[in-house]
Amino acid sequence: MHKFKKKGSNELPPISTASLPDIVFMLLFFFMVSTTMREVTLMVRQTLPSATELNKLEKKSLVSYIYVGVPHQQYQRAFGTEPRVQLNDQFAEVTDILDYIIVERQARNEAEVPFMITSLKVDEYTRMQIVQDIKQELRKAAALHINYSARRKAEHY
Amino acid sequence: MARKVPEIPSASLADIAFMLLIFFLVTTTMDVDSGLERRLPPFVEEIDQDTPPIKERNVFIVLVNRDNQLLVEGEWMQLGELRERAKEFMANPLDREDLPEKEYKEVEFFGEVGITKGVISLQNDLGTQYGTYIAVQNELVGAINELREDLAKAKFGKSFANLSRDEQNAVREIYPQRISEAEPKKVGGQ
């Protein structure tokens, strides 16, 4: 029997991990800058419709969201399978929108109120009935600037 | 003389940073919110009956029924054809009799141009699917955006988005985005 190698002499030195924190911090800062905090937990199912002529919502702080869709499985026992409105973290009636808009307005700076946008995040398969009711409520609340949330569709030619 | 302070071990720094990283990965989302921007008409208690009548040729009527089918100006139509028809209606390049009238007005950069009096009227059924409604809106907005884009290219040789504010306003004045939504009717039943 013979030795293949001499032990110890040409072993690779361990890779230095001193720069690992720097790399991770870099990743951390990237994600902190490029993402936004999730504000609500969705309780309704949503497949947003797709469109091509989109406008970006510039100032997130001025946007109030209204979610509409069929409740998720675990809420269906209590709230049924018909599309429902979700405001903040709870289910609501269409008539609650007026109060919701007023509360949203009070939370903002007075000078910013005219620039507020209401974003309607409505499931693609919802019937227009509920959307129409919501629009009517928004008109009553004088929240006229709205945005129908949609995904970007690949352009077709 | 200051005593030498032992070095703080930085081996766990990576772990701490990882923990923060994972926290941010979990609690944040990356999606950019975008959508079709619209303005609703102000709420009125009673609809004024004395509104001046609009001529038939100046209105582009789009109806969507509960089965998501389109009726445009009395014709059954596929969604794909809508954009071209809407463009033709708003531009009326040949000054046809059955397409909207034009009002001649002085516009900055352009001189005197005929501005269409056309209005697009969209009416949907309460049973219409939201996805279809958005698709139709998208085509109508797209038609006007394309017209503006073409005009900007022809006049300034630039894309509409790259024009200055005044130039954009002039183009907007020539092709206004006049989409009116009628109160929906419940025709088809649920």
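This is a predicted model: local features need pLDDT of at least 70, side-chain atom pairs count only at pLDDT 80 or more; totals for chains, interfaces and linings use all residues.
Local features need pLDDT of at least 70 and side-chain atom pairs count only at pLDDT 80 or more, while totals for chains, interfaces and linings use all residues. Residues are numbered from 1 along each chain as its sequence is written, and chains are lettered from A in the order in which they are written.

Student: How many residues of chain B are in contact with chain A?
Tutor: Two residues are in contact if their C-beta atoms, placed from the backbone, lie within 7 Å. On the chain A side, 46 residues take part. The number for chain B is 40.

Student: In β2(B), which residue is the bridge partner of Lys56(A)?
Tutor: Strands (E, at least two residues) are DSSP runs, numbered from the N terminus, and two of them pair if DSSP finds at least two bridges between them. Strand β3 (residues 55–56) of chain A pairs with β2(B) in the antiparallel sense, over two bridges. The partner of Lys56(A) is Ser34(B).

Student: Why is strand β4 of chain A largely enclosed by the rest of the structure?
Tutor: A residue is buried if 20 or more other C-beta atoms lie within 10 Å of its own, with C-beta atoms placed from the backbone. β4(A) spans residues 63–69, and it is largely enclosed because of its buried residues, which number five of the seven.

Student: In β7(A), which residue is the bridge partner of Val63(A)?
Tutor: β4(A) and β7 (residues 117–122) of chain A run parallel, joined by six bridges. Within β7(A), Val63(A) is partnered by Ile117(A).

Conventions:
Helices (H or I, at least four residues) and strands (E, at least two) are DSSP runs, numbered from the N terminus. A residue is buried if 20 or more other C-beta atoms lie within 10 Å of its own, exposed if 12 or fewer, and partly exposed in between; C-beta atoms are placed from the backbone.
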